[in-house]
Amino acid sequence: MSKSNFTRRGLLKTSAVTGAGLALPTIFTAQSAHAFTNEPTGGTVTLGFNVPQTGPYADEGADELRAYQLAVEHLNGGGDGGMMNTFSSKALQGNGILGKKVEFVTGDTQTKSDAARASAKSMIEKDGAIMITGGSSSGVAVAVQALCQEAGVIFMAGLTHSNDTTGKDRKANGFRHFFNSYMSGAALAPVLANAYGKDRKAYHLTADYNWGYTTEEAVKASTEAMGWETVATVKTPLTQTDFSSYIAPVLQSGADTLVLNHYGGNMVNSLTNAVQFGLRDKQVNGKDFQIIVPLYSRLMAKGAGANVKGIFGSANWHWSLTDEGSKAFVKSFGTKYGFPPSQAAHTTYVQTLLYADACERAGSFAPCAVAEALEDFEFDGLGNGKTLYRGADHQCFKDVLVVKGKENPTSEFDLLEIVEVTPVEQVTYAPDHPQMGGAEATLGSCNNGA
Amino acid sequence: MLGLEKKDFQLLLVVAGLTLLAPFILNPFPESSGMAQFNAGYPDLMQRFVIFGIFAIGFNILFGLTGYLSFGHAAFLGIGSYGAIWMMKLISLNVIPAIFMAIIVAGIFALAVGFITLRRSGIYFSILTLAFAQMSYALAYSVLTPITGGETGLQIKSSDSPLFSNLEEGEIGRANLFGMDMRASFELNIGDWLFTFNAGYYIAAIAMLASFYLAIRIFRSPFGMMLRAIKSNQTRMSYTGLNPRPHTLAAFVISGMYAGLAGGLMVAMDTQVGPERMFWTASGEVVLMTILGGVGTLIGPVLGAGAIKYMENILSKINKDVLHEWFAFLPDGLEDLLVTIIYPFIGKGWHLTLGILFMLVVIYLPGGLVEGGQRIARALRGKKANDEDGPKASTEPAE
Amino acid sequence: MGILEVKDVGKRFGGLQALSDVNLSVKENSVHAIIGPNGAGKSTLLNCLVGKLIPDTGSVMFDGQSVLGRTPHEINQMGISRVFQTPEIFGDLSVMENMMIPCFAKRDGAFSLQAIANMFSEKDVVERAESMLEDMNMADKRHMHAASMSRGDKRRLEIGMCLAQEPRLLLLDEPTAGMARADTNNTIDLLKQISDERDITIAIIEHDMHVVFSLAQRITVLAQGTPLVEDDPENIKGHPKVREAYLGETA
Amino acid sequence: MEAIILQILNGLDKGSAYALIALGLTLIFGTLGVVNFAHGALFMIGAFCAVTLSRILTLSHTIIDETKTDFLGNPAKVEVPYVHDIFGVATGDAIIDWAVPLSILFAVPVMMAVGYIMERGLIKHFYTRPHADQILVTFGLAIVLQEVIKYFYGANPIPTPAPQAFTGSFDFGAALGFDPNLIIYPYWRIIYFVFAAVIIGAVFAFLQYTTFGMVVRAGMADRETVGLLGINIDRRFTIMFGLAAAVAGLAGVMYTPINSPNYHMGMDFLVLSFVVVVVGGMGSLPGAVLAGFMLGILESFASMREVLAILPGLNQIIIYLVAILILLTRPRGLMGRKGVMED
């Protein structure tokens, strides 16, 4: 049997009393040997990658995991270094984090908050993970973020787009690089007004849960500010697979634009159904009927196939970006895996680097020190241009992409094209914005745990 | 002893021993060995073992004794959880009132659902319970968001200040038992082994032992006999002047309260509730646990719950790198081959292993894991199955 | 005035008039047989008495109280026990448990929360069940799995279970159907013994004339859903109407 | 008015999907007495027959196109399907375009084989086992089947469009004299409905008018007696299982253009189709079909925004609510027989 250093306990062993017999029992409390939860004491540090490996988002989870592995490789000095070369902060040396080799454990969130928390807890309790990251839905992100807050570890959110994650459910130990519903609305509205005019009647179909609500609210608010009228908003069950009965009445309502506040399988099916009904060939109020998908992901675009052609939406990042950081990332990811990374991969890669960098700058793994290093940290070179990790709500502020389904894709990965890069100023909001939980939302105080 | 027959008392002792010594039993491998991956003795998983054990024991009181297959039992667990977390948010962070609240809320809901669904039997009953559970799930996920938190569920926040608590401004309340944090742990380091004794686990374990004891009493009591009589022959039951429905309803409510207890404990151990706890797959899971372990047996459901939770939490965490480490001592070609063969069954493929396990157990061990254990024991004793065992096994629930 | 009074009972299934104008009076502590050819409505009548069916017309009074609209277990609690054509016992339970259940039903009633609380005090019930098993000569079989017994033993157990409730009226639906001669005679002896030793009224539906004439003190003949005659056994034997009904059927 | 006509159309369409799956489930339950939780998986495998065929048709070899570059700046590899080489580009594209209808021919033998293997290899041994065992073993099988599909095809939905000729929608409104664009319905969904009606009709006719069907119906009513008549009912039941698998598979093939297939689509349909079967009455074929259409139509009406404005969330629970109401008023569903799966 080969030796494994996978667990914290393995690390503990090195400092444990050697020789036979019963060691003295130790009780871990805040006052005892460890200053914070899972303080690494050996030569390695363990990160916990908690991604969906089963269930409908398994492919997205697999892509996140690829990016994590790449990030770990780069942090440990392997590969071509990727974005470490373009990152504005030069604290990372390629010798792990604070001189400790980076190791990782993986878990399956199943895109269920219970399972995600169980998996995160096992990483914290069993494997001694010092940071948890990943996830592919806001329900999971909020649940795991709350857990990390309680346990006293840092949570670097993966793909989560709901306002709540850094809005009403924000936590001092949690950080989000991904953009959110508000930003999608703010970025999309001007582009839509430009492309389709200011006199449009919109019909919203909204997934009937938190993310759907925040997205509908954001898109509605920003398009109405441009002069659009919202004809109707209809909630659709999460478990719906056939959306025909929601789409068929759209034309009767007199609307000329359909907004699909759906994600994942819901979006693939609703968009496919909408195109099937021939909505896009219709003329209403003398205008061509249009469909909008506020949040795009490449896997969704792949699932919907040719139906996405020409349809506007927003994205956090896309591999066709030409800044140095993005190019470096696409190159090392593409070289290793043979295809370009998705935005989920990008955000998880960046989150890992940002965490490592914050540890280096703080000179400590202590969650509060890391959090302080991340708060109001300004950086560049990780794609999306100049970025701010805002201290007030732990949300990243950066340029947002407005994308469109490509008319003539050259490969199964080349499905979207960037229409506009919306500058960060346009998507910035106040930390106490009503859509973000208002004045009541608070981070609480950071928790070192133990 | 304790009103139990000798055999049952021995069983209770064995279960108590296993439960209390679980931190040792579940951590058999040294920390630095590759096998440490299979250790399950960390607080969260140990808590889940006993909590789902309670859930399955309760389910078995209904299904194992009366034969009524509820396909919506997770709803009671979920509703119990919601009750418990609201109790913690509003009244007290002490787990005792929260757990009681969970049991009461689940009991009331079970009474209402049981009153309606028990008008039908067989698959019609199953579908009715499924319908209630799915409605609870769908509504909790969507229109009841103000009460349930919707998709993101409910957690205790820094803005929550329960009536009986002295939290500082901005402090996030934690579940406790008269001041003892559920997450407090005592760690024992012996050589290369490390054992964790967690306060929350022991509270849950005591709850499970109490539940298990109560289940034995119910199984062996005349009430349990009545329930088995319902399963055996409802016609004779009615023509003996007994009304089957309230008996079944009582079993249904007891079973729902067990689920509520499990839900309350889940919140006590980990202060978070999400609606997918009530989804039909969660209800299906407890059916699978019970059948996998052995329907109508006392210990079976606990074993089944343990087996499924172990796979979900341990198997799913083994990734390709871990496999490569295990087989690193082999020549490269052989190592890769082994990894390629095993990889589809672990990590993201753990569902596949689960499915295969179900099929194997049902095909070869219709009595579940308990039957497997009995066969092994019999083989060890070198005795052949004598005729007496046959009918007896179904007359008296085996241990 | 008998213990069981059936007045003008009629029951229709779709186009079939199963029972019409059935009048029947069963005297207390007697053995009353109801005979008739197949399809005469014997079982329908029985089902109307125990609450399984509700007659369209007429009334069924037991000891001065109407049984109509009551559920089987309520009627049973009034004091009517039923033995089925194929023995209905709790096959998955042991013989002793089978016997304990009616003892519980007798002690605690149809259902009450009190009964669940009482479940911890079962001593008196156990004693009673044991003595019933003694009475039925089944004490040695007490640990047997009920389903594994012979048909005769099942029948005996079922009758014992009914008697354990101390019913005032025992209804038997072809109790010897499908039995070997020896078992039939045993059953006849058992029923004779019961009727002699206990304060009990027995109503029996039977095909087998040997059984009927060995036991019955009064006989009602049913044909095409209507009672033809009600009389003492010796008068029934040669009654022309009865002959006609039976011969008509066999021809 | 237009809204109601439209939702009836939607309901018929949804209902035909439910009815087709429920019909297969009922065939298996009625003939073999087996509760088949793997039936959803058969539907899913059918859909993946279409995916597989379109993958076969688009099997390609790569050529390096020096004029283009890929995302890393290397010369681009262009995939050329073999059918282009064999039939030329135009015919080749037409064949690929027609992959879904062609899959019907492909799916029938595949599904029959899958059904045959399932019945002989597994289900056969469970005829006399309790329903709980049947549910568990078929559920285990369903998990295994869907994980195998996931292993080969991934978790993401795979777009499988209908032929170009069937895209777009038919304007019922204009045909009926309403304003145009008010009642439109996609051609493929109309085809799906007609297809479902034909299949359902064919199954009924087969059972009603062929000797084989009569024996099977007799077997459904009283298996022992038919066995006593010296008829080898087992062999017929195997064929019935294959037939039910084929019905489920065809339903899956035809469904692929409506929703992109994914590995868990079977599970998504499974619970609903069980509700349909039970509401229709266990073991009743007409009941299953009737309940399928009824629930489809009610679900469509519940999704109208006028209805949701009055009863928010009704669309979330409508099917279950109706199921509860029906089962409470009609103990054995719409057309169930007494004593079937009541204990």
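Is V271(D) buried or exposed? Select V271(D) and see: this residue is buried, with 23 other C-beta atoms within 10 Å. (Buried means 20 or more other C-beta atoms within 10 Å of the residue's own, exposed means 12 or fewer, and partly exposed is in between; C-beta atoms are placed from the backbone.)

The model is predicted; local features need pLDDT of at least 70, side-chain atom pairs count only at pLDDT 80 or more, and totals for chains, interfaces and linings use all residues. Residues are numbered from 1 along each chain as its sequence is written, while chains are lettered from A and ligands numbered from 1 in the order in which they are written.

**Stop 1: chain D**

Stay on V271(D). Its place is in helix α12 of chain D.

Next, colour the annotated spans. An unreviewed UniProt entry gives "transmembrane region" for residues 16-35, 42-64, 95-114, 190-216, 237-258, 270-295 and 307-328 of chain D. (UniProt positions are in the numbering used here, feature names are shortened, and annotations may be inferred rather than shown by experiment.) Select 16-35 of chain D: the span is 85% helix and 0% strand, with its end C-alpha atoms 21 Å apart. Then take 270-295 of chain D, which is 85% helix and 0% strand, with 15 Å between its end C-alpha atoms.

**Stop 2: where chain D meets chain B**

Show chains D and B together. Their contact takes 32 residues from chain D and 33 residues from chain B. (Two residues are in contact if their C-beta atoms, placed from the backbone, lie within 7 Å.) On the chain D side, α6 (131-153), α12 (265-280) and α15 (314-329) each supply at least two residues. α6(D) gives the most, with 11 residues. By class, this side of chain D has 23 nonpolar, three polar and six charged residues. (Ala, Val, Leu, Ile, Met, Phe, Trp, Tyr, Cys and Pro count as nonpolar; Asp, Glu, Lys and Arg as charged; the others, Gly among them, as polar.)

**Stop 3: a helix pair in chain B**

Two packed helices are described by the angle between their axes and the distance between the axes. Select α13 (residues 300-314) and α17 (residues 368-381) of chain B. Their axes come within 8 Å and cross at roughly 105 degrees. (Axes are lines fitted to C-alpha atoms, for helices over the stretch in contact; angles run from 0 to 180 degrees between N-to-C directions.) α13(B) and α17(B) are therefore roughly perpendicular to each other. (Under 35 degrees counts as roughly parallel, over 145 as roughly antiparallel, 65 to 115 as roughly perpendicular and the rest as oblique.)

Show the side chains. G300(B), L303(B), G304(B) and A307(B) of α13(B) meet G368(B), L369(B) and V370(B) of α17(B). That contact has four nonpolar, three polar and no charged residues.

**Stop 4: chains A and B**

Bring in chain A. Of the four pairs of chains in contact, chains A and B share the most contacts. Here 53 residues of chain A are in contact with 48 residues of chain B. α1 (8-15), β2 (101-108), α3 (113-125), α4 (138-151) and α6 (210-225) of chain A each supply at least two residues of the chain A side. α4(A) has the largest share, eight residues. The chain A side divides into 19 nonpolar, 18 polar and 16 charged residues.

Now select residues 44-406 of chain A. UniProt, in an unreviewed entry, places "domain: Leucine-binding protein" there. The span is 39% helix and 21% strand, and its end C-alpha atoms are 45 Å apart.

**Stop 5: chain C**

Move to chain C. No contact joins it to chain A, and the closest C-alpha atoms of the two lie 37 Å apart. No contact joins chain C and chain D either; there the closest C-alpha atoms lie 14 Å apart.

Of the 251 residues of chain C, 45% count as buried. Its C-alpha trace spans about 55 × 40 × 35 Å along the principal axes.

Finish on two backbone details. Most residues other than glycine have a negative phi. E166(C) has a positive phi, near 50 degrees. E166(C) is found in the loop between α6 (151-164) and β7 (169-173) of chain C. With 13 other C-beta atoms within 10 Å, E166(C) is partly exposed.

Then select Q224(C), where phi is also positive, near 50 degrees. Q224(C) lies in the loop between β9 (218-223) and β10 (226-231) of chain C. Q224(C) is partly exposed, with 17 other C-beta atoms within 10 Å.

Conventions
Helix = DSSP H or I, 4+ residues; strand = E, 2+ residues; numbered from the N terminus.
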